[in-house]
Amino acid sequence: MQPWLRSYQQLLSLQYSNQQLPHAILINGVAGAGKSLLAQWLMHLLNCQQPISQDNQVNKLQACGQCKTCLLMHSNTLPDHLNLQAEKNSLGIDEIRHANDFLHKTAQFGMYKTVLITHAETMTPAAANALLKTLEEPTDYSVIVLITADIEALLPTIVSRCRVFHIQPDVGERLLDNLQQQGKVNSNNLTKCFVNLTQLPELTDDKVYELFEGFKRLYLNYLYYQQDEALLLQQVLDNKHALRWLEQITVNLQRDQLIKAANLQAEKIVLDTHVLNKLYKVIVNGDKVIKAYTQSNKQFVCQQLIMSISQVIEQAQIGK
Ligand SMILES: [Zn+2]
């Protein structure tokens with residue numbers, strides 16, 4: 001399990017031990033953050049007949065993987081668990097009603113009945129309203145987990161009825177600290193921690209990949225030589241992937257720096273980890289602001305973002 005998911009595991013393990021689990025949990029995070037990993041771990045734990053603890057600690061629980069219900073979970077045939085997934089990019093009211101009926105039946109094996117809804121943002125308005133009713137009148141020993149990468153696309157009333165976990169992969173110094181504490185700093189581990197992040201789904205498309213490579217050159221050119229500001233701004237305005245790509249490339253730069261640091265290579269580092277951390281924050285924040293603005297204001301907000309990037313670089317150069 002990724003280091004940044006551990007605190008959520010501990011919290012949920014404790015709540016499970018004290019029988020205080022929320023009825024509905026919403027896991028929000030970018031691709032590669034580990035949303036499914038965390039959800040699957042919890043679903044398996046809840047459905048296991050003899051959960052085991054690591055180091056005899058109540059806050060480090062996991063499914064045994066060997067009991068009857070664990071085996072049924074593994075083969076996707078446990079009658080007390082339901083997976084709901086969008087078909088043709090939308091999750092309809094029939095599926096939610098099915099989940100509702102399912103939750104009202106008695107569990108056949110363990111205590112819990114569990115429902116996992118992936119891509120919760122694809123629910124139709126009717127489905128969302130049906131789910132709302134379910135969330136308002138929870139049945140005993142039922143846990144619904146919703147997963148989304150786009151929490152803003154969900155009805156606020158649904159979000160407010162869930163315990164929300166915003167999951168963000170560690171980057172930069174925090175990641176390095178975490179790994180150092182575990183005594184696991186070497187270049188292989190560092191690469192593994194980021195491996196999901198580097199696989200953006202759209203990059204499997206050749207044309208988009210070419211665009212990405214072009215965008216990357218442009219951004220790096222701007223970072224290192226402060227060239228082509230207007231071109232970069234145009235890309236950020238026109239390319240719907242641009243913000244995620246900015247974030248992505250910055251994360252990869254951080255990773256490269258960490259690998260260098262871990263290998264103790266005394267190379268000259270132009271943009272050090274500290275600066276890259278700042279850049280990453282500026283971009284993530286810019287992404288949030290841009291999403292909140294209408295198209296007419298987008299140019300202004302994007303210009304602000306490019307200016308903020310430029311300020312971070314200038315400050316870094318003054319600091320040297
Ligand atoms: Zn088990």
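Q: Is helix H2 mostly covered or mostly uncovered?
A: This is a predicted model, and in it H2 is mostly covered, with ten of its 13 residues buried. The buried ones are Lys35, Leu38, Ala39, Trp41, Leu42, Met43, His44, Leu45, Leu46 and Asn47.

Q: Where does H2 run in the chain, and what is its reach from first C-alpha to last?
A: The helix covers residues 35-47 and reaches 19 Å between its first and last C-alpha atoms, close to the 18 Å expected at 1.5 Å a residue.

Q: Across which strands does H2 lie?
A: H2 lies across E1, E4, E5 (113-117), E6 (142-148) and E7. Relative to E6, the helix runs at about 170 degrees.

Q: In what order do the strands of the sheet follow one another?
A: Five strands form an open sheet with parallel pairing, in the order E4-E5-E6-E1-E7. At the edges are E4 (81-84) and E7 (163-167), each of which pairs on one side only. On average, neighbouring strands of this sheet are turned by 15 degrees against each other, direction ignored.

Q: How many bridges join E1 to E7?
A: Strand E1 (residues 24-29) is joined to E7 by five bridges, and the two run parallel. As one instance, Ile27 has Phe165 in E7 as its bridge partner.

Q: Which residues have the most contacts inside the largest nonpolar core?
A: The general idea is that, in soluble globular proteins, nonpolar side chains tend to be buried together. In this model the largest nonpolar core has 40 residues, and those with the most contacts inside it are Ala39, Leu42, Ile117, Val145 and Leu146. At least two residues of this core come from each of E1, H2, helix H4 (93-104), E5, H5 and E6. H2 supplies the largest share, seven residues. Apart from this core lies another, of 18 residues, including Leu223, Leu232, Val236 and Trp245.

Q: Which residues does Leu42 touch, leaving aside those up to four places away in sequence?
A: Leu42 touches Leu12 and Val145 on that count.

Q: Where does Gln9 lie, and which residues does Gln9 touch beyond those up to four places away in sequence?
A: Gln9 lies in helix H1 (residues 6-17). Beyond those places in sequence, Gln9 touches Met1 and Trp41. The C-alpha atoms of Gln9 and Leu38 are separated by 7.4 Å, although these residues are 29 residues apart along the chain.

Q: Why is Gln9 classed as partly exposed?
A: A residue counts as buried if 20 or more other C-beta atoms lie within 10 Å of its own, and as exposed if 12 or fewer do. Gln9 is partly exposed because 19 other C-beta atoms lie within 10 Å.

Q: Which residues are buried in helix H12?
A: In H12 the buried residues are Thr273, Val275, Leu276, Lys278, Leu279, Ile283 and Gly286. This helix covers residues 273-292 and reaches 29 Å from first C-alpha to last, close to the 28 Å expected at 1.5 Å a residue.

Q: How many helices and strands does the protein have?
A: The secondary structure comes to 13 helices and seven strands. Of the 320 residues, 31% count as buried.

Q: Where is confidence lowest, and where is it highest?
A: Where pLDDT is low, the predicted coordinates should not be read in detail. The mean pLDDT of the protein is 83, and 83% of its residues reach 70 or more. Confidence is lowest in helix H8 (residues 187-194), at a mean of 50, and highest in E5, at 97. The pLDDT is below 50 over residues 191-198, a stretch with nine contacts in the model beyond near neighbours in sequence. Residues 265-269 also have a pLDDT below 50, with three such contacts.

Terms used. Residues numbered from 1 in each chain as written. Predicted model: local features only at pLDDT ≥ 70, side-chain atom pairs only at ≥ 80, totals over all residues. Helix = DSSP H or I, 4+ residues; strand = E, 2+ residues; numbered from the N terminus. Expected span 1.5 Å × (residues − 1). Pairing = 2+ DSSP bridges. Axes fitted to C-alpha atoms, helices over the stretch in contact; angles between N-to-C directions. Contact = placed C-beta atoms within 7 Å. Core = buried A, V, L, I, M, F, W, Y, C linked by C-beta atoms within 7 Å. pLDDT = per-residue confidence, 0-100.
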